[in-house]
Amino acid sequence: GITEIKKECEEAIQSGQQEESSMVSYYWGWFTRQARHHPVWIMISMNLYWAMIWGYYTKILPTATATVLEGRKMVFVPGICSGIFYFIGTIGWPYVTRFTNKTATVTLICILLTIATVLSILILPTDAATNLDSTATSYITPKPYLVIIIASLIGLGDCGFTIVIYSLVGLVFAEDTAAGFGLMNCAFCIFYAPAMFVVQYISVHVWLYFQQGVVLFMGLITTIGLKKYLSQ
């Protein structure tokens, strides 16, 4: 009895170890094959965009809003507005792509995010993300409706980019889509963690300038480097 149970447990453990080793070998082989193709590295680099834009509207914008508009009363507004328009985007962007094409969709997304970034630079003092008692002046007088516009454009634009990127995952990683999504999630965590650390030590305007550069870079490499996949 006990000897047989012990033997079965040992066999189960050995079988599990062999299966785990086999999975590691499979995914390592899959990654080395994928790494030979430049579209894979373009897809991985797109996670820098997500790290920047998510860092902005989840960490910077709510704090900055509290700085310039009625203390903490407006803190939740950016998140609510971006969430609502993200949902609207899940309905609207597929129709935009259907009546135009993916390249035009990416261009429109970049325009929306650029408008949001420019408005942010205009209404937020340079230390707005770190100092709730900021005395620095902004280029234009901050207004609640401007914060709502910024958050709405970010939600709409980010939704569109997410739909485009996820559709590209199925094409670029056609050999194993599940592994492709796993790689993208891993890359996102690698980019996002340092971004959340760095944001505490730079001004909001520096972040926004860099963020705008990333948005334009993502637009270019998507429409040029992945042109073959966008046309499918």
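A nonpolar surface patch of about 1000 Å² is formed by Phe76, Ile80, Ile84, Phe85, Phe87, Ile88, Ile91, Tyr95 and Phe99. Patches consist of residues with over 30% relative accessible area and no salt bridge, nonpolar side chains (Val, Leu, Ile, Met, Phe, Trp, Tyr) being joined within 5 Å; a salt bridge is a side-chain nitrogen of Lys or Arg within 4 Å of a carboxyl oxygen of Asp or Glu. Accessible areas come from the Shrake-Rupley method with a 1.4 Å probe. The model is predicted, with pLDDT of at least 70 needed for local features and 80 or more for side-chain atom pairs. Residues are numbered from 1 along each chain as its sequence is written, and side-chain values use heavy atoms, without hydrogens and water.

Phe87 is located in helix H3 (helices are DSSP runs of H or I, at least four residues, numbered from the N terminus). Phe87 is exposed, with a relative accessible area of 54%, where exposed means over 50%, buried under 20% and partly exposed in between. The buried residues of H3 are Val77, Pro78, Cys81, Ser82, Gly89 and Trp93.

Helix H3 comprises the 23 residues 77-99. At 1.5 Å a residue (times one less than the number of residues), H3 should span 33 Å, and the 32 Å between its end C-alpha atoms agrees. H3 bends by about 40° at Thr90, with Pro94 following within four residues; the bend is the angle between axes fitted to the seven residues ending at a residue and the seven starting there.

In helix H5 (residues 144-172) lies Ser167, which is partly exposed at 28% relative accessible area. Ser167 and Leu230 are 63 residues apart in sequence, and their C-alpha atoms are 9.1 Å apart in space.

Methods:
Helices (H or I, at least four residues) and strands (E, at least two) are DSSP runs, numbered from the N terminus. Buried means under 20% relative accessible area, exposed over 50%, partly exposed in between (1.4 Å probe, protein chains only). Patches are made of residues with over 30% relative accessible area and no salt bridge: like charges are joined within 9 Å, nonpolar side chains (Val, Leu, Ile, Met, Phe, Trp, Tyr) within 5 Å.
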